[in-house]
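Keep the structure in view while reading.

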Amino acid sequence: MLCWGHSAFGQLGFNHDSLTITPEPKRSSFPLSNFIKQVACGENHSVFLLEDGRVYSCGCNSAGQLGHDHGDFTPGYVSALADEHIIHVACGQAHSVAISSEGHLFSWGAGSEGQLGHSTTDLSVPVPRLIKKLSQQRILQVSCGNQHCLALSDDGQLLAWGQNDHGQLGIGHGCSQQSSPQRVKSLEGIPLGQVTAGGYHSFALSLSGAVFGWGKNSSGQLGLNDEQVRLSPCHVKPLRSQKVVYISCGEEHTAILTKTGGIFTFGAGVHGQLGHDSFHNEINPRRVLELMGSEVSQIACGKQHTIAFVPSSGVLYAFGCGEHGQLGTGSTSKVICPIPVKGRWWPHNVQIPPSVDPSSFSIIKHIFSGWNKTFVICSKPESPEPSDDFRSCKTVNSTSQINDETIDLWRQKVIDNSHSNTINSIVQTLSSSACWNGSFLEKNNMCCSILTEMMSILRPAPRSQDLTCHLLKYCLRS
């Protein structure tokens, strides 16, 4: 793993306190860096998820955001999660969250704005704690803003909690905070593929490619052709024809990746983070022209900078604020157009010449960026796995769809374990309009055969008659 940027609090994981800025890619000294699957970036801390589900963290621990008290600059093990297999981590400014393989959500760190979701506003929770209000739901995704969180459950519910001074929760009214998860009702029924949070704004992407934004908009970071705050999700209409597949948010800017590998950015441009050869804000989505002709597969926004990866050439580009070395260019200057990050990068699918030492090159697997730092997980030259491509739809983390595969899975679950929780989980999915709408996106006439299969599975379940009527009415309308 390579990393660069702000390191004054040990948030890059180097085993010394002399580095305050690391201005170009440096190989991690963390002994387990070869086994890191994901990195989450807070303002002055970092959380690392290993392939085996263990969680480590390092950096500032002023609010308990590390989840341990090891007290040095090396990543420490979050032992409170030892009984859980964690599959995803995320960070806010000074809080952290983690999803287990069972779909349970844990949070710790700063909580004064309700961002931990524990129905309290404790200043600090130093040990990971289960968010009990979500314990009956299976959480698929979570994303953190500075002091707010968004989560997507498998039955299609979008939930939000934390600070709401700018309407970033999307719940339609201007209360200053919510300390327990609230449903974003205006998006119910829409099958979502991604939720993501910026500093004080939020986005959701539907499975069909529709983009919805809400929250703070003082720099045009919602892309809605104005600078007015939005208390509820609004459709970003200029992106309707762009086939959007991925969204990344900075503190006050937003980057969009399309199916064809194009990048659109909007919002604050004062540091050059939009890549448009200027320091101007943009209130409408605008394509990054410098990268036209190149297919980008990964994007990641920090607080005031943006990173983009072009796999065909193996080149990593950066633009925006470089004050803390977060661009990886070796300089601390601002950059207003995409320029290559320093380093010897090599594309995954191109053979390294025998005359060259393979260990001197880095093959990018996945990029992670947040606040004033960036991490890159690299593949080994002999690895058969290609670089991750954000343009590939990962339906496993999206709103559940009702199809042959899920029917088979449900049938097996009922056979193996027929207690009420299993039945309730299936009924919860079948009761979700978002799940049904997502299921009919591609196959408009599949309902009859699937309905028959489902009712044969659920016939012993309570409420099955009511559910049958509901489903038949839905299918007739479709």
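Which residue stands opposite Ala-255 in E20? That residue is Ser-248. The model discussed here is a predicted one.

**The strand and its partners**

Strand E20 covers residues 253-258, and six of the six are buried, so the rest of the structure largely encloses this strand. A residue is called buried when its relative accessible area is under 20%. The burial applies to both faces of E20. On one side lie His-253, Ala-255 and Leu-257, and on the other lie Thr-254, Ile-256 and Thr-258.

E20 pairs with strand E19, which runs antiparallel to E20, and also with strand E21, again antiparallel. The table sets out the two pairings.

| Strand paired with E20 | Residues of that strand | Bridges to E20 | Direction |
|---|---|---|---|
| E19 | residues 244-249 | five bridges | antiparallel |
| E21 | residues 263-267 | five bridges | antiparallel |

Each pairing is also a hairpin. Three residues form the link from E19 to E20. In the hairpin of E20 and E21, four residues lie between the strands, and Gly-261 takes a positive phi near 90°.

**Thr-254 and His-201**

Thr-254 has a bridge partner in E21, namely Phe-266. The side chain of Thr-254 also makes a polar contact, at 3.1 Å, with the side chain of His-201. His-201 belongs to strand E16, which spans residues 201-206. Is His-201 buried or exposed? Its relative accessible area is 0%, so His-201 is buried. Thr-254 is buried as well, as part of one covered face of E20.

**Empty space inside the model**

Rolling a probe the size of a water molecule over the atoms shows where empty space is left. How many cavities of 30 Å³ or more does the count give? The count comes to one. The largest cavity has a volume of about 40 Å³. Its lining consists of Gly-111, Gly-114, Leu-116, Gly-117, His-118, Thr-120, Thr-121, Asp-122 and Val-125. Sorted by class, the lining of the largest cavity has six polar, two nonpolar and one charged residues.

**The whole chain**

The chain contains 28 strands and five helices. Of its 478 residues, 56% are buried. Among contacts in the chain with a separation of 6 or more, 53% are between residues 24 or more positions apart.

Terms used. Residues are numbered from 1 along each chain as its sequence is written. This is a predicted model: local features need pLDDT of at least 70, side-chain atom pairs count only at pLDDT 80 or more; totals for chains, interfaces and linings use all residues. Side-chain values use heavy atoms; hydrogens and water are left out. Buried means under 20% relative accessible area, exposed over 50%, partly exposed in between (1.4 Å probe, protein chains only). Helices (H or I, at least four residues) and strands (E, at least two) are DSSP runs, numbered from the N terminus. Two strands pair if DSSP finds at least two bridges between them. A polar contact is a pair of N or O atoms within 3.5 Å; within protein, one must be able to donate a hydrogen and the other to accept it, and residues adjacent in sequence count only if both atoms are side-chain atoms. On a 1 Å grid over the protein atoms alone, a cavity is a set of points where a 1.4 Å probe fits but cannot get out, and a pocket is an open set with protein on both sides within 12 Å along at least five of seven lines; lining residues have an atom within 4 Å of a point. Grid points are joined across faces, edges and corners, and a volume is the space filled by probe spheres set on the points. Ala, Val, Leu, Ile, Met, Phe, Trp, Tyr, Cys and Pro count as nonpolar, Asp, Glu, Lys and Arg as charged, and the others, Gly among them, as polar. Contact means heavy atoms within 4.5 Å.
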